[in-house]
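Student: Could you show me how to read the features of a protein model, one at a time? I would like the general idea each time, and then the case in this structure.

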Amino acid sequence: MREQCCLLKIGRSGLYSRKKAVSEENLKLMRLMDEQYLKTPFYGSRKMQVSLRRLGFRVGRERVRRLMRLMGLEAIYQKPNLSKGHPGHKIYPYLLRNMAIERPYQVWCADITYIPMAHGWVYLVVVMDWYSRKVLSWRLSITMESGFCVEALQEAMERHGRPEIFNTDQGVQFTCAAFIEQLQSQGIRVSMDGKGRFLDNIMVERLWRSLKYEEVFTKAYVSVADARAGISAWIAFYNGERPHQALDYCTPNEIFARTPACGYVDNARALPHIPTGSTTTTRKKDSIEEGSMIQLCSAVSVMVIGTRLTGEVPPYVS
């Protein structure tokens, strides 16, 4: 062993040591933190520690911080440019601001999330059509390497064609050369979220909430195969059976296929900046009329209550 390590120029201590498995208590804490993060993504390690202590867990802030880093969780807030990306990776501008997304294939998006299991965790990446919210492809991985993201992108384009714009965050999995080359070789414009702006990719963020509350948190996956089977069944249900209120109670498959029974979907309402136009003006006018009607009803209610108490009818009530 000494001679082998000498030839390879590595230390023997690294071969003798064995990585410790994550304890049951830490796995339970990570699951609770993941659920809390979906409810309050602006919680940092301090408030996350307080929420766990209220549940009866005696945990310190350093432990909470370490587990949050392990899960890839970070509080959402506007912060200065303290972190630097990979020097060899180019960051592209965000192209969706003030854009009305009105048809399938106009914008696709992708993101990665953490999926807890009974013992350990895996990472899930999906490629989604922004307009219809249809999940076009997905992959599971036990590591955060970029390979499974590239495979999901290739499958989406092989099965469905190519979009005009592809939006992601600034993660190294999406800024690597292999991922960008797949997009640019097809003439697809690359768009990336701003730092700390989860609303820039809000459609995928909303998908994570539905997936975890409806599927992941209701089960405890025993293995990666178990997680793959459960997520596959839920995505099939999500695309083909689950009605969406934002899609006028149609399914993503119906919107993506432009089914005649489904009308126009105004997905611009989910963008950080709503584009100006007739739709926005009409909505603003409707809001003003609705607010005026509420004020009028409130005034009439006050008058009626006053009349019942005093027995007198105000002179200005006709």
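Student: Is Val204 buried or exposed?

Tutor: Buried means under 20% relative accessible area, exposed means over 50%, and partly exposed lies in between, with a 1.4 Å probe and protein chains only. Val204 has a relative accessible area of 0%, so Val204 is buried. Before we go on, please keep in mind that this is a predicted model, in which local features need pLDDT of at least 70, side-chain atom pairs count only at pLDDT 80 or more, and totals for chains, interfaces and linings use all residues. Residues are numbered from 1 along each chain as its sequence is written, and side-chain values use heavy atoms, with hydrogens and water left out.

Student: Where is Val204 found, and which residues does Val204 touch?

Tutor: Helices (H or I, at least four residues) and strands (E, at least two) are DSSP runs, numbered from the N terminus, and Val204 is found in helix α9, residues 202-216. A contact means heavy atoms within 4.5 Å; leaving out residues up to four places away in sequence, Val204 touches Cys109, Ala110, Asp111, Val126 and Met128. The C-alpha atoms of Val204 and Thr168 are separated by 9.7 Å, while the two residues are 36 residues apart along the chain.

Student: What do such values come to for the protein chain?

Tutor: The protein chain has 318 residues, of which 40% count as buried, and its secondary structure comes to twelve helices and five strands. Among contacts between residues at least 6 apart in sequence, 63% join residues at least 24 apart. Accessible areas come from the Shrake-Rupley method with a 1.4 Å probe, and for residues only the protein chains shown count as cover; the protein chain exposes about 18,800 Å², and carbon and sulfur atoms supply 54% of that area.

Student: How many salt bridges does the structure hold?

Tutor: A salt bridge is a side-chain nitrogen of Lys or Arg within 4 Å of a carboxyl oxygen of Asp or Glu, and the structure holds ten of them. One of them is formed by Lys212 with Asp34, where the closest N and O atoms are 3.1 Å apart. Lys212 lies in helix α9 and Asp34 in helix α3, so this pair ties together parts that are 178 residues apart in sequence. Lys212 counts as buried at 3% relative accessibility, and Asp34 is buried as well, with a relative accessible area of 1%.

Student: Which residue forms a salt bridge with Glu164?

Tutor: Glu164 forms a salt bridge with Arg103, the closest N and O atoms being 2.8 Å apart. This pair links distant parts of the chain, 61 residues apart, with Glu164 in the loop between α6 (147-160) and β4 (165-168) and Arg103 in the loop between α5 and β1 (107-116). Glu164 is partly exposed, with a relative accessible area of 38%, and Arg103 counts as partly exposed at 30%.

Student: Where do Arg159 and Glu155 lie?

Tutor: Both lie in helix α6, four residues apart, which is about one turn of the helix, and their side chains meet in a salt bridge of 3.1 Å from N to O. Arg159 is exposed, with a relative accessible area of 56%, whereas Glu155 counts as buried at 18%. Salt bridges that share partners join Arg139, Glu151, Glu155 and Arg159 into one network.

Student: What should I notice about phi in Lys9?

Tutor: Most residues other than glycine have a negative phi, and most peptide bonds are trans. Lys9 has a positive phi of about 60° although Lys9 is not a glycine. Lys9 is found in the loop between α1 and α2 and counts as exposed at 78% relative accessibility. Asp248 is another residue other than glycine with a positive phi, near 60°; Asp248 is placed in the loop between α10 (224-240) and α11 (252-256) and is exposed, with a relative accessible area of 53%.
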